[in-house]
Amino acid sequence: MAQSSQATDGLSSIPALLKRNAAEFGHKAAYREKEFGIWQSWTWKQAAEEIDNLALGLINLGVEEGDFVAIIGRNRPYLYWSMVAAQSVGAIPVPLYQDAAAEEMAYVLDHCGARFVIVEDQEQVDKVIEVQDQLHQFEHMIYLDPKGLRKYDHARLHEFAHIQEQGHAARDEFTPELEKRRAKLDYSSVCVMLYTSGTTGKPKGVVLSNRNVIESAKNSAAFDNLGPNEEVLAYLPMAWVGDFIFSIGQSYWCGFCVNCPENADTMMIDLREIGPTYYFAPPRVFETQLTNVMIRMEDAGRLKKWLFDTFMAHARKVGPAILDGKPVGAWDRIKYALGDLFIYGPLKNTLGFSRVRVGYTAGEAIGPEIFDFYRSLGINLKQLYGQTEATVFITVQPDGEVRSDTVGVPAPGVELKISDDGEVFYRSPGVFENYYKNPESTADTKDPDGWVATGDAGFIEEDTGHLRIIDRAKDVGKMSDGSLFAPKYVENKLKFYPNILEAVVFGNEREKCMAFINIDLSAVGNWAERNNIAYSSYQELAGHPKVLQTVQEHVEEVNKSVAEDPMLSGCQVHRFLILHKELDADDGEMTRTRKVRRRIVEDKYSDLITALYDGSKEIFTKTEVTYEDGRKGSISATLEIRDAAVVPVTPQKVAAE
Amino acid sequence: MNQMTEEGYVTEDGRTIGGKLMEMKHISLRFGGVKAITDISFDIREGEIRAIIGPNGAGKSSMLNVVSGFYVPQEGEVWFRGEKRPQMRPYEVARQGIARTFQNIALFEGMSVLDNVMTGRLTHMQTGIAAQALWKGKAEREEVENREFVEKIIDFLEIQAIRKTPVANLPYGMKKRVELARALAAEPKLLLLDEPMAGMNVEEKEDMSRFVLDVNDEFGTTIALIEHDMGVVMDLSDRVVVMDYGKKIGDGTPDEVRNNQDVIDAYLGVSHD
């Protein structure tokens, strides 16, 4: 590849990479967005002009070097340009989660002291206006979509296009200033600040330098041979480090095109139309897609269903081996090729995966069945393990060494070590600079030698060198008999069942493990429909005896599988209940990236936990809920508690403890 | 409300409303011996959101059908944009710039959302059947222009994800939104909404209210709506006509109407002692 062999000389910032791309790939598409039913596109040259105009407009508006510019909205070319324009004028872009409530935004905006905010639409404008009194440094807001905003007071409010026009008009005056500021950017200047959602406490602002971002992009692009002809679909939150690396870091490094969906609901349609070659999704997305396929196959005719089942069984047998280039018999290959022609190919096309060369999943453990399903179709789906603090990459799976139970080998440039108590540490060029205005946390996380604590417990497999993650280090505890308690390990096994959306396992310092379950409304709802079970709400379906029975079977199967691992056999679930509401980020029970906040759940539902442990058969409970608009209400229910069969084991001491 | 004049008035939220877009003068409508509407007069001003409310059977839908030209009243005159409207067929009324949605959704179920909304452009198409079938020259240009306009509506109402979905597969609330899209595609001067929120849940109602306000704000469309949900009516509309047993019993701002004794009686009932 041309660009990875190039020295990074002179290419020490994202705006510098933009300049290179505009010169080298000037007429190649850099951005596409579907709008008004048509894919609109911008070449690298056009993107560079748009970004220049915006940057000049920002100078015109009074943006100074070192200012923080918050960016809130869904993935749109204009907002990516905003980030690069902010960098170009020496400011620091801070993307925020667009579905965050106003108060959550207020904390972040106040913490970084953003003077300028660039938002997508009226919804975000309203949220910022709602909290602007708490923001002493906030000065101006720029919006993209003028819909509904005509009558707003425009003293501090500006339309994106106007800012660009003003910038363009003032180009003679401000271009020297822009060039001067751009020339100052180097490897050590700040590239972006990203707030981690934080499973505990307030979000922390992770400061990433150009070195972090560009080195990580360079190494990872070389690892997977990414080139200028990749196509990606940008649909994951812009505030998430992964999106920043894929849609800005790697895209600018390699010069590939970033495609933005029409709106949040059209992602699947757009995915199919674009057919990305490089694709990333959290396990949840793969899971949902697989569930949809399975639901549709349930409704298909008998012949089609038979064909699907037969060929999928064959794919499961030989697909992954063919993908890994291992020896497979001629007859199996012919049968697989036939299947590809009639089943796998069309299915991949429907899913939008026809052209995927490299696919990644990360963030959570992925169910082996789900993982194998995609790999057996011939999709090169791999796992990686990363963090915001590492600029994503800690470990990745190389082609040909892909397994569902490991997260791969250290990424290029990354060193790993496991501490005495089992926690994973890493050191790499991607290691973040610091947490903004939080030296204590920085010191806690990163030692003077540059080693960073991941907060995850894991071990490196001796024969393969692959890293295996067991659980969050702080969640790993001990049962009262001294055996290891790893809730996430059990929860993941439970969540691999399509019927179970979330599970929370308790048992630290206790004799037995208990569990809360959330059912998956679309999967269980579909099952209910096919079995003529009427229900009107999540709560009603969750309380149905047949649903409880099914979940009980899942729990018992998981117990069997947990019992096979002598280290973790104490974590079998003895009793469980199905929660009367879905755990929700709006209620603070989950993070915006949908990770369960264990402590909060534990506090909030303490009555239920007590009931699980005191042997009650059922419990009445009342819970406060927050609606999407911020209003509060409450729901109450009587929940049935079930006992699950466990496999008897003799308690074991853990060597590490 | 500020002073009301022939030229218009300024609403509480500071919008400037123009002169009379439509005026109903002493309308009476009978079906055989049944009097549906008795001597009702009111006007609809340019740019306002005007509601017609009343208990069941008060004659609201009949009134809306008179406005849309579907019913011809036995007595009274309908004035539209300063001219007395002669007796017209509904499609002629549509050409004049009046579009509507229906209480019981009236979409083409087997057609996609896009095609349904495109039918709303019918009054803006000049080429004949033959030219359309050949799809050359003017017909093609016209189709492209209309599609562009329709895509703006689709974007405005946020229904991109269901663009190609057959209407029959959509949930109720979405169908209502598609109907609104089709009505908007006609670029109406006056938009008639017959119970736009009927049968919706709270969230759908909020969405629909938002869209009604946005349509009025963005396109300056005058809107007349019939609605049962009093909360919605009072929040959305600038002025309200109240009907009961085919007669007008109140007319004014939501506050005025809310405090009108006749209206209270009609809704809550009066004790006869």
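1. Chain A has 22 helices and 28 strands, where helices (H or I, at least four residues) and strands (E, at least two) are DSSP runs, numbered from the N terminus. This is a predicted model, in which local features need pLDDT of at least 70 and side-chain atom pairs count only at pLDDT 80 or more, while totals for chains, interfaces and linings use all residues. Residues are numbered from 1 along each chain as its sequence is written.

2. On overall form, a compact globule of 657 residues would have a radius of gyration near 26 Å, and chain A agrees, with 26 Å. That radius is taken over C-alpha atoms, and the globule rule is 2.2 Å times the number of residues to the power 0.38. The C-alpha trace of chain A spans about 80 × 65 × 55 Å along its principal axes.

3. Of the 657 residues in chain A, 57% count as buried, that is, under 20% relative accessible area (1.4 Å probe, protein chains only).

4. Now to the partner chain: 16 residues from chain B and 16 residues from chain A make the contact (heavy atoms within 4.5 Å). Together the two chains bury about 1,400 Å², with 41% of it on carbon and sulfur atoms; this is the accessible area (1.4 Å probe) that two parts lose on being put together, summed over both.

5. B:E158 and A:K147 form a salt bridge through their side chains, at 3.5 Å, N to O. On the side of chain B that touches chain A, α7(B) gives the most, with seven residues.

Methods
Chains lettered and ligands numbered in written order. Heavy atoms only, no water. Salt bridge = Lys/Arg side-chain N within 4 Å of Asp/Glu carboxyl O. Buried < 20%, exposed > 50% of the residue type's maximum accessible area, 1.4 Å probe, protein only.
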